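This report is for a reader who is new to the structure shown below.

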Amino acid sequence: MTIHSKFQDEIDRSGKPSYFNLPPLDVSVAFPQATPASTFPPCVSDYYQFDDLLSPEEQALRKKVRECMEKEVAPIMAEYWEKAEFPFEIIPKLGALRIAGFTTKGYGCPGLSPTASAVTTAEVARVDASCSVFLLVHSVAMLTIALCGSEEQKQKYLLSMAQLKTIGCWALTEPDYGSDASSLNTTARKVEGGWILEGQKRWIGNSTFADVLVIFARNTTTNQINGYIVKKDSPGLTARKIANKIGLRIAQNGDILLKKVFVPDEDRLPGLNTFEDTSRVLAVSRVMVAWQPIGISMGVYDMCLRYCNGCRSSI
């Protein structure tokens with residue numbers, strides 16, 4: 001080890017030029033005709049002729065979301081993408097848009113139309129796909145509580161989640177079976193006063209910082225899929241960030257480990273008892289996920305057009 005260290009020191013002194021450790025040039029100096037991603041280009045097209053489909057209220061909401069994303073998120077997204085960290089300072093700004101939960105109705109939720117939900121999802125993804133993942137995962141957790149939760153659970157969680165004061169995650173995917181809910185290995189065993197959860201989840205967005213985790217597990221008595229609300233820092237619960245991603249780097253996907261996690265009876269979702277109940281939630285969420293690539297393609301178009309208009313060809 002000592003020999004290697006001395007040899008490496010000699011290489012470091014003699015083999016590298018004096019400017020080896022200089023910081024990178026600012027893009028304004030290195031590539032003056034380029035505009036940094038922090039200055040997001042304006043929308044230049046109706047893309048898919050949305051305007052004719054939207055009510056005045058939906059058009060106003062789309063404009064509000066677009067302005068927030070361009071002014072509040074775009075200036076910092078490159079920095080956080082490089083660090084693979086989530087910009088928690090934008091959560092109150094996203095909460096002020098009143099879109100979390102999308103079509104979820106009542107209990108202070110936005111109750112947006114499917115069209116408004118689709119357009120807002122696209123507008124968020126247009127500027128940053130990771131932020132749309134954050135909102136979608138959180139909103140699916142809200143939707144699950146709204147569709148399958150008790151009245152007490154809806155009263156307790158939905159308003160604060162709609163305001164993004166309480167953050168949720170949705171934990172279905174497992175290492176061995178992906179999102180195949182019919183093959184879950186995570187188990188829920190009935191005990192006095194509640195349930196004991198054992199198992200592992202993977203690729204769960206928001207999991208490392210969520211306040212409430214909607215966990216899917218197989219009931220060991222009925223062999224059916226049940227749903228549970230698990231609070232952060234519950235004994236036996238850990239969530240660790242998945243590192244070295246090359247895409248959606250701002251989104252915080254994690255591995256969840258459940259080791260004899262006790263969930264009281266009042267935190268079991270009473271309307272989630274079978275695979276069919278899980279499918280009801282997935283049917284809604286998949287429609288919204290489909291609008292993410294539409295939004296991404298809108299942003300790519302705007303970026304490419306700006307670059308091409310400012311590019312000096314050498315041909």
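Rings of Phe, Tyr and Trp (its six-membered ring) pair if their centres lie within 6.5 Å; planes under 30 degrees apart count as stacked, over 60 as edge-to-face and the rest as tilted. F86, F88, F134 and F209 form one aromatic cluster. By the pairing rule the count comes to 10 aromatic pairs. In one of them, the rings of W170 and F216 have centres 4.8 Å apart and planes at 70 degrees, so the pair is edge-to-face. W170 belongs to strand β1 (residues 168–171) and F216 to strand β4 (residues 212–219), so the pair ties together parts that are 46 residues apart in sequence. W170 and F216 are both buried, where buried means under 20% relative accessible area, exposed over 50%, and partly exposed in between (1.4 Å probe, protein chains only).

The model is predicted: local features need pLDDT of at least 70, and side-chain atom pairs count only at pLDDT 80 or more, while totals for chains, interfaces and linings use all residues. Residues are numbered from 1 along each chain as its sequence is written, and side-chain values use heavy atoms, with hydrogens and water left out.

The protein has 8 helices and 8 strands. Helices (H or I, at least four residues) and strands (E, at least two) are DSSP runs, numbered from the N terminus. The C-alpha trace spans about 70 × 70 × 30 Å along its principal axes. Of the 315 residues, 45% count as buried. Contact means heavy atoms within 4.5 Å. Among contacts between residues at least 6 apart in sequence, 74% join residues at least 24 apart.

Two packed helices are described by the angle between their axes and the distance between the axes. The axes are lines fitted to C-alpha atoms, for helices over the stretch in contact, and angles run from 0 to 180 degrees between N-to-C directions. Two helix pairs are listed here.

| Helix pair | Axis distance | Angle |
|---|---|---|
| α3 (residues 56–83) and α5 (residues 114–127) | within 8 Å | roughly 20 degrees |
| α6 (residues 129–148) and α8 (residues 275–310) | 10 Å | about 165 degrees |

Angles under 35 degrees count as roughly parallel, over 145 as roughly antiparallel, 65 to 115 as roughly perpendicular and the rest as oblique. The angle of α3 and α5 makes them roughly parallel. The angle of α6 and α8 makes them roughly antiparallel.

The crossing of α3 and α5 is right-handed, and that of α6 and α8 is right-handed. A crossing is left-handed if the near helix is turned anticlockwise from the far one by less than a right angle, and right-handed if clockwise.

Residues in the contact of α3 with α5 include L61, V65 and M69 of α3 and V119, E123 and V127 of α5. By class, this contact has 9 nonpolar, 2 polar and 6 charged residues. Ala, Val, Leu, Ile, Met, Phe, Trp, Tyr, Cys and Pro count as nonpolar, Asp, Glu, Lys and Arg as charged, and the others, Gly among them, as polar. Residues in the contact of α6 with α8 include L136, V140 and L143 of α6 and V284, M288 and I296 of α8. The α6 contact with α8 has 12 nonpolar, 4 polar and 1 charged residues.

Y107, at about 60 degrees, lies in the loop between α4 (91–96) and α5. Y107 is partly exposed, with a relative accessible area of 28%. L248, at about 50 degrees, lies in the loop between β6 (237–241) and β7 (253–264). L248 counts as partly exposed, at 38% relative accessibility.
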